Amino acid sequence: MSKFWSSFARRVDPYTPGEQPRDQKYIKLNTNENPYPPSIEALRAIKSNCNDLLRLYPDPNSTALKESLAAHHALELKNVFVGNSSDEVLALAFMAFFVQSKSLLFPDITYSFYDVYCKLYGITYKTIPLDDELAISIEDYKRDNGGIVFPNPNAPTGRFLALTDIERLLRDNPDVVVLVDEAYVDFGGESAVALLENYANLLVVQTFSKSRSLAGMRVGFALGSEELIEGLERVKNSFNSYPLDRLAVAGAVAALQDTRYFEETRQRIINTRQDAQARFENMGFLVIPSKANFLFVRHKSLPAQQLYLDLKTRGILVRYFSKPRIDNYLRVSMGTDEEMAIFFDQLEQCIAQ
Ligand SMILES: *Cc1c(COP(=O)(O)O)cnc(C)c1O
């Protein structure tokens, strides 16, 4: 604590990202990054925009990217919001919709940034336990609330909640925002964007970080009714008028257009996940069914923390959460098939020793 810190700075409890070590070269299966490079078209667009125009501020509305996203999702410009990463979009959405008297609801096991935002803004919240299979049970959300947020597929479980369930949440909660964080939806889930035409209270948030291999570029977006997008714009324009730089807009537009590469890489990751699930099961792991680019697994006898540490000494990073209910699970991001072969080889040795 410093005497210079405001009550605001004192109150916050910052998010801890997965390790990004620099001391040695690891096989990184711990932060759900995409193992494949970004689209060549995206890299080309970024390079060709490295020019004199960087002297000038970018378009404050990032219209070129909004237009691409609107066309891509068969929506109108007024239904699209963009930001410097989906974390930023989420932070703005929490500010725009959830700072109010009633409690925000989200699962007890979920993306750990949600409670960080709640503390930052002083939002009261109630966590709703996942069921014994680590699935969201929508019956448990039938209570007075000031909004609902969850990732779909959920993180770190990877479980996908059916759109029929999401539709019930939307119908049961017409006066609050239901935010569906679709960071991983491109790996086999189904987007709630299809429900937008019928529900003004739905906000869908997506990112270029995972399925578009652009975590280093920081581009995220939200899709929703005109009134929700307007709410986001009001908050964004009170905070940062130019969140997206020229290179990010050019790169994101080009990545979105490179459909072939996108389809190819996401399908590869889905295939890797299917192979990895079978492999884990053969080695005595319980595997939570996943529609994400990672698997959440528990060994039948060996403690997760020990496996995590053993793998680390062998140059492989996976994610371990020392949190109630999940402290015996490992979250393993899907790497390339070569990386996964080394991973399973090393894992076998950890188990045998
Ligand atoms: C990775 C992730 C994000 C953040 O994505 P960025 O756009 O890189 O900020 C948001 N939500 C969930 C659930 C994630 O796993």
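What covers the buried residues of α7? Let's start there, everyone, and keep in mind that this is a predicted model.

Helix α7 takes in residues 226-236, and its buried residues are Leu228, Ile229, Gly231, Leu232, Glu233, Val235 and Lys236. The elements covering them include two helices, α3 (63-72) and α4 (86-98). Strands β2 (80-83), β7 (202-207) and β8 (220-224) are also among the cover. Notice that Glu233 and Lys236 are on that buried list too.

Now let's step back to the whole protein. We have 11 helices and 12 strands here. The radius of gyration is 20 Å, close to the 20 Å from the globule rule for 353 residues, so the protein is as compact as a globular protein of that length. Along the principal axes, the C-alpha atoms fill a box of roughly 60 × 50 × 50 Å. Of the 353 residues, 53% count as buried. Among contacts with a separation of 6 or more, 72% come from residues 24 or more positions apart.

My last stop is strand β10, residues 294-299. Here 5 of the 6 residues are buried, so the strand is largely enclosed by the rest of the structure. Val287 has Val297 as its bridge partner. β10 is also antiparallel to β12 (residues 330-333), through 4 bridges, and there Leu295 stands opposite Val332.

How values were computed: Residues are numbered from 1 along each chain as its sequence is written. This is a predicted model: local features need pLDDT of at least 70, side-chain atom pairs count only at pLDDT 80 or more; totals for chains, interfaces and linings use all residues. Side-chain values use heavy atoms; hydrogens and water are left out. Buried means under 20% relative accessible area, exposed over 50%, partly exposed in between (1.4 Å probe, protein chains only). Contact means heavy atoms within 4.5 Å. The radius of gyration is taken over C-alpha atoms; the globule rule is 2.2 Å times the number of residues to the power 0.38. Two strands pair if DSSP finds at least two bridges between them.
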